[in-house]
Amino acid sequence: MQSGVFRFDQSEALLHKVMDGAAIGMGLIGNDGRMIFANRAYESMLGHAPGDCLGIAADTMIHELDRQATMLRVDQLLRGEIAALRHDCRMRRSDGTPLWTSTVASLLRSEQTGQPLYAIVQFVNIDRQKRAEEALVYAERRWSSALEAAGQGVWDFDTQSDSMYYSNSWRAMRGIGLDEVINDSTEKWLARVHPDDRGRLSIAARKQGQGEAGFDTLEYRERHRDGHYIWILSRGRPVEWDAAGNVVRTVGTDTDISHLKRIEAQLAAEKERLRVTLQSIGDGVISIDSKSCITFMNPTAEQMTGWTQAEAMGCPLDQVFAIVEEATGKTATSPVARCLAEGTITHLDADVCLIGRHAECRDVQSSASPLLSPTGEVLGAVLVFQDVTSSRALQKQLAHTAVHDALTGLSNRLAFERALITVVDEARHELRTHALCFIDLDFFKPVNDTAGHAAGDALLCKVAEIIRQSCRRQDFAARIGGDEFALLLADCPASAARRVAQKLVDDIAALEFTWDERVYRIGASVGITAISGRAASPADVLGEADSACYVAKANGRGRVALYDGAA
């Protein structure tokens, strides 16, 4: 763990929020002995401005009167020799004056290596309590009033008289009446302790009463008078001994820390809910750091990319989330790049495909959300993506159906009218010449009436295939009516259009259509009009071609006619 500013990752964001908003001082000490995080309560407690404590050696924060003894315990904790530390010591305020705090610290280890990472430390201001304790020790006065003002329950055990004193706060936190006589026996006390804590506490309390090091602070659950259990943080130590060295008086304070325990439980529950949610949702989720390296993947992301989380950890995102543009096949840029650069939620709207580790291809849509520090610094991002292969295929199918004839597969009248508008505009503004062929089938109705609509549909499909084979890549064929077709010939003079149309007439006339062992023959009449700069409107152009087709039919069917006699 490097010294300096500590950055919480996504899974620790709630912990950071709770720690920074806690009423008691909280901090993190790196394994190099330096402060890597201090919450506002801690900085305020010691009179420091925000951020002043970061990077400072922890021993300089401890008053010189307690520095050596305290740092011995802290070093043991950071080396992993002990898992937790509870210790009262004097901290050093910014002006150099001492401040008594009760320090509770625990060690966090790496889940991968098991090595110590940093210590989480709670600092409770007990300066008033300590001053009261010292005054009472030397002046033999009751000091419960001062501690009650801070919500601390006070107890005082005199071994010579075998009597206990309990302050009003001590009674109130347990729901015990102020005038109620309390049975002081160890058995009665342990009977109120939670069964899971009873064995441990009976041993620890005895060692605390004997003044053994490390047992001056105890945590346990005790039953309230209304039946529920409260968490108690009990701090106590011997304060008087007889000539033989036997303890004759022990004093201590109890604090109700139920709210802190509830926060711990909420943190654990929230973390578990987050884990279960990410494991179960159908969207792929990938978390990355500020350098676009992967820090987390959920099972859906693993399945869609072909990478396991263990394999992907630390890899660049582009290596695992490989996407290409659907239209060009070129590598696409994920929304994470812009998200990290701008610190905003970013969506990828283009049609892209995710290429899995084993060359599987999926249509995906994705978005990226930034992970921000309290100061607005971008710490990383979360990429969420969905498999939209089916929905995108349906969209393409619907789009195709909207502009294509369902029977023949040629473009429909709507698509034809749009194409006609385009070529008329080109002819006007680009000085290009195109041709429109209006094709009307001859003798089709008898086939439809005699053999049935199924036969008529099959025959239309064969005619459509003949027309399709007559087209160049730049030409446009459409079915615009029951047995009417249109063919737009791009950059084609009338003479060339006539040759194309005549071949169509010949090929359709040569078609032998067999249905129920009977052979049917049909024909086609074609009207042609040139589309040039003189074209008035798309409707006029279509009318010209239709008129020419009428002339072809009037001249005996199976013929080609040019509008207005154009050659």
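Where is Leu 431 found? Leu 431 is in the loop between helix H15 (413-430) and E17. Helices (H or I, at least four residues) and strands (E, at least two) are DSSP runs, numbered from the N terminus.

A word on the source. This is a predicted model, in which local features need pLDDT of at least 70 and side-chain atom pairs count only at pLDDT 80 or more, while totals for chains, interfaces and linings use all residues. Residues are numbered from 1 along each chain as its sequence is written, and side-chain values use heavy atoms, with hydrogens and water left out.

Phi of Leu 431 is near 55°, a positive value in a residue other than glycine. Most residues other than glycine have a negative phi. Leu 431 has 76% relative accessibility and so counts as exposed; the cut-offs are under 20% relative accessible area for buried, over 50% for exposed, and partly exposed in between (1.4 Å probe, protein chains only).

Glu 517 is another such case: its phi is near 65°, again positive in a residue other than glycine. Glu 517 sits in the loop between strand E20 (513-515) and strand E21 (518-520). With 81% relative accessibility, Glu 517 counts as exposed.

Next, the sheet. Five strands form an open sheet in the order E18-E19-E17-E22-E23, with mixed pairing. Two strands pair if DSSP finds at least two bridges between them. E18 (476-479) and E23 are the edge strands, each with a single partner, so one side of each has no neighbour in the sheet. From one strand to the next, the twist averages 20°. E18 and E19 run antiparallel and are joined by four bridges. Within this part of the sheet, Ala 478 stands opposite Ala 486 in E19. Helix H19 (residues 538-554) packs on the sheet and touches E17, E22 and E23. Contact here means heavy atoms within 4.5 Å. The direction of H19 makes about 140° with that of E22; axes are lines fitted to C-alpha atoms, for helices over the stretch in contact, and angles run from 0 to 180 degrees between N-to-C directions.

Last, the core. A nonpolar core is a set of buried Ala, Val, Leu, Ile, Met, Phe, Trp, Tyr and Cys residues joined through side-chain atoms within 4.5 Å. The largest one has 35 residues, and Ile 439 is among those that touch the most other members. Elements giving two or more residues to this core include strand E17 (434-442) and helix H17 (453-469). H17 gives the most, with seven residues. Beyond its neighbours within four places in sequence, Ile 439 is in contact with residues including Ile 467, Phe 485 and Val 526.
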